[in-house]
Amino acid sequence: MAINEDIYGGVEDWDVYCNGGNPNPELQVYCLRNYLSQHTQTPIGSPIDKSLACSGLGVESVFSDIKWYYTGDLATAGADGGGDVTPSWTDRRGVTNWCFGDSHKAYSGSAIDYNQQGDVIIDGDEEVSSTPPSFYRYAPEPAADPYTPSLWVNPSNIKPITQFSHKNLVALIYVDVADTLGNYLTQHTFTLKEYIDSYTTTYPYIYGVSIRLFIDNGNSSTIQRMTVTSINSCAVAPLDYVNLPRIKSYMYNLVAYQSDYIKIMGGFPSQTGVFKVRGSTSANNKTYIGACVTDAWKFHVTSGNVLSQESQGYVYREYDETFKEEVFKQVACFGLLFTDDVNIARYAEITDENMYCGILDEHLIGHGLYSHGEDNAENEQIKWKNSNDSTYDPSYEPRIDPNIYGISTSFNAVSVADGTLKRYALDAAGMAELGEHLWEIIDTTEPDALIQNQTLTNFLTNNPLDCIVSVKRFPFSDTYIPYGSQTTINMGKVTVPNTTAYEFNVDAQTHSCGRRFVFPIFNDWRDYLCEYTLVLPFCGSVSLPPEIVVGKWVEIIYSIDFITGTCTAWVLCELDDGSDVVIDSACGNCTIDIPVSGVQMADLTAQIYNANENLKAMKFNNIIDGVKGGVSFVEKVASGDNVGAFTTGLGLGQHIVNSIHNQSTAEWNMNNTQVPLKMIGASTGLNSFQHELNPRLIVYYPVTVSGYKENLYASTVGFQCCETAVIGTRTGYAEINNVDLSGFSATATEKSMIQSLLAGGVWL
Amino acid sequence: MALTLTLYNVTDNPKTVSKALGDAVHTFNDVQPTDPCDLLNPSFIINYDVGNFSANYCIVGAPFNRNYFITDVEILTGGRKKLICSVDALTTYAAEIKNCVGTFTRSENPKDYNIRDSKFPLTGDMKSKALLFGTIFTADNDDGEGLNPYHNYILTVVGGGT
């Protein structure tokens, strides 16, 4: 919206900056000269008129997400006597109205109580303190103690920037840094480019980020732009209420400082200033403001008097590779042209590749997006003559999306209790040894040796084969088989001798097959007609939606289950919020089952033992019975009992025959003990090993007709688009619908004719 | 009522908004419209005895103040010709049209490559290519030299006894 001249006056009431300013008055920077008596006064406690705002700072801006730190939250002091605290309060808004403000004397003394002292709440009802609060407003009239006009402070020095031209103003980014965490009082200032190129190691601690404004005043023959002079203490002045409990005040002049470096991130107003917002004396717990959105920023309570809660603190961040993008996003929220390079700020055109411009949405709110190069000229604010052309509505406040986005997928380390299983890793030679040893016992163990060793332990044994759950071959080199120390193989109660094996205790692991960038083939809408099929070894294939993967990084991660041999292939894609998330998955089995066969040793042992004992028993018993039988028969015959003796003899004889028969059977059983055999498992999975083991992304893309010529197509058919614009801003072939033909006199028939012709296609 | 009528030979596409008219072929200052005469589809009688009449366009002054296509010419006696015209609304109001706002659905300039274009000439064919990823798998049992075998056989047994 255009500035409210009833309150802020017109051009004749404004001061021009920059050595007289650009010859074109529309391209100059103006600030309010602040004649006290000439304009409508904004009453104390009333909202300030927000027509100063030509755009809004979105929810992504630090000014819409102010952190408040309370030094009393430090529970225990760290090694240096101080420590970090987290925000005790966050003031979050859907949008923040703002303007630049300049003041010769932004603060007085060493403390800035921009709210009140004591419990004074400036609403005209509850003031109890006799000491007037000294806060500053970017308003035509100053404000201090509402009841003591003579104590109104700095009335002539408060100067909001009333008008500037986005196409003639470039913000150059600076950082305040120091070499150690505690050395925040000795800061060095560099442009962002200088700092990242040369000083991140020397000065890894960042305490603040600022911008300086460069303008073309049309007066220099050597430099296109120079800094906006005459700005002595410039600041971003939020124009909205602070939403703190018990406080009703304005955020204006929040960050004013005696400098033309406009603070936009870090501590306010500076790392050394105390910006108290509650509490009655300096001895009370202090609350500090920090403009720092990401968790990379911290608030450090300094050592000294921590326990008496008189401590101060400062905001800081350590440099990492995310810093530059974080800063760019914050500057972009202002919708200004900006750069990190002083040479670009001074000399470059606004369409230079290293010149950037914050993008404003349809409500003229900046969300951290930015363009660069030739795209800068497409931004609406660059087409304005100056900020007064803005149609920004400061009363519009978007809803805040409370959700947190941008968190990447993570994988869990999984293990299971392994008391019921034991696993071993073997190579091919070790497997051959194992196979032999499972047959070896029958070859080398004499039956008599088995029979001789009748100890209790031998009675408590098992078939080793029965202990084998599985043997699986995994398609990995030793890089992905984390085996341990060499050991012997125990199968139940049996130790398999002379087999080289290694402990293996890992249950599951994940490994990446790498990332690839899905490069657009056409770099236009045809990319979204393409089909993307990802072939995954052992798991089959998945189709990837082109709308998600084109122009993005895709990564494949395999999760391997070493117990069952199953594998899951996870397909991750980098989303627009910067996170990597799983967009698809497929499962399969990546092992070959190896069948194992051998002798069931315990069964064999038992059979041999029993057969031999049975034989011995038969032999021993047959002899005794034969003798007995013989004695009885003789006795009967001697007694004259012919029939009984005969019968008995017959019975005895039969007994002898049976015994002889049983002995023969036992001998046969002993000599013909069957070898109990067993096979574990069946061979599976070989075919999957034969397939190529690299994941492969297959792209199917459409084919343009061979005679297609872009310039001829454009001039006769035109490209599909959907943009509302003034017709005269385009040239060449166009089809235009919903034309507003008001503003000139033609017959209704002619206007209908024009509508129809424009919709059917014309050449402009 | 005498009208001013200027003849042109225009080669631009009739659907061009701002046509390049070129040099005037002839200007008449005392042209009579036919009676009756429609504003949008008028006829004019001119005295123009030329062997090769090539004009296809004319601008008529007040009170018509419009551009017209000459859609037909009738040869009359005495070297007169009757011009049968239809209004060219696009060029007549070219400046006004260009100040209006409308929604462009197709455009030559600037090119927009982001909206799906149903008129774009694509064949029914699809071509293909493949992008290889890295891998964590191998079908080998050793590093190829035979000296460093892989311990990739995992034997699982029950219990943990001694």
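Two strands are taken to pair if DSSP finds at least two bridges between them, and the pairing described below is that of a predicted model.

The pairing between the chains belongs to an open sheet of six strands, in which the order is 23(A)-24(A)-21(A)-9(B)-22(A)-31(A) and the pairing is antiparallel. The edges of this sheet are formed by strand 23 (486–491) and strand 31 (592–593) of chain A, each of which pairs on one side only.

The contact between the two chains involves 116 residues from chain A and 70 residues from chain B. The size of an interface is often given as the accessible area lost when the parts come together. For chain B and chain A the area buried between them is about 9400 Å², of which 63% lies on carbon and sulfur atoms. Across this interface the rule identifies 48 residue pairs in polar contact, with both residues at pLDDT 80 or more. On the side of chain B that touches chain A, the elements contributing two or more residues are helix 1 (89–92), helix 2 (94–98), strand 7 (101–107), strand 8 (122–132) and strand 9 (153–158) of chain B. The largest share of that side, ten residues, is supplied by strand 8 of chain B, and by class the side comprises 32 nonpolar, 23 polar and 15 charged residues. Two salt bridges are also found across the interface of chain B and chain A, one of them between Glu750(A) and Arg66(B), whose closest N and O atoms are 2.6 Å apart.

Within chain A, strand 16 (residues 297–301) is largely enclosed by the rest of the structure, because four of its five residues are buried. Strand 16 of chain A is joined by three bridges to strand 5 (residues 83–85) of chain A, the two running antiparallel, and it also pairs in the antiparallel sense with strand 17 (residues 313–318) of chain A over five bridges. Phe299(A) of strand 16 takes part in both pairings, being the bridge partner of Val85(A) and standing opposite Val315(A) in strand 17.

Note on methods: Residues numbered from 1 in each chain as written. Chains lettered and ligands numbered in written order. Predicted model: local features only at pLDDT ≥ 70, side-chain atom pairs only at ≥ 80, totals over all residues. Heavy atoms only, no water. Contact = heavy atoms within 4.5 Å. Buried area = accessible area lost by both parts, 1.4 Å probe. Salt bridge = Lys/Arg side-chain N within 4 Å of Asp/Glu carboxyl O. Polar contact = N/O pair within 3.5 Å; in protein donor to acceptor, adjacent residues only side chain to side chain. Nonpolar A, V, L, I, M, F, W, Y, C, P; charged D, E, K, R; others polar. Buried < 20%, exposed > 50% of the residue type's maximum accessible area, 1.4 Å probe, protein only.
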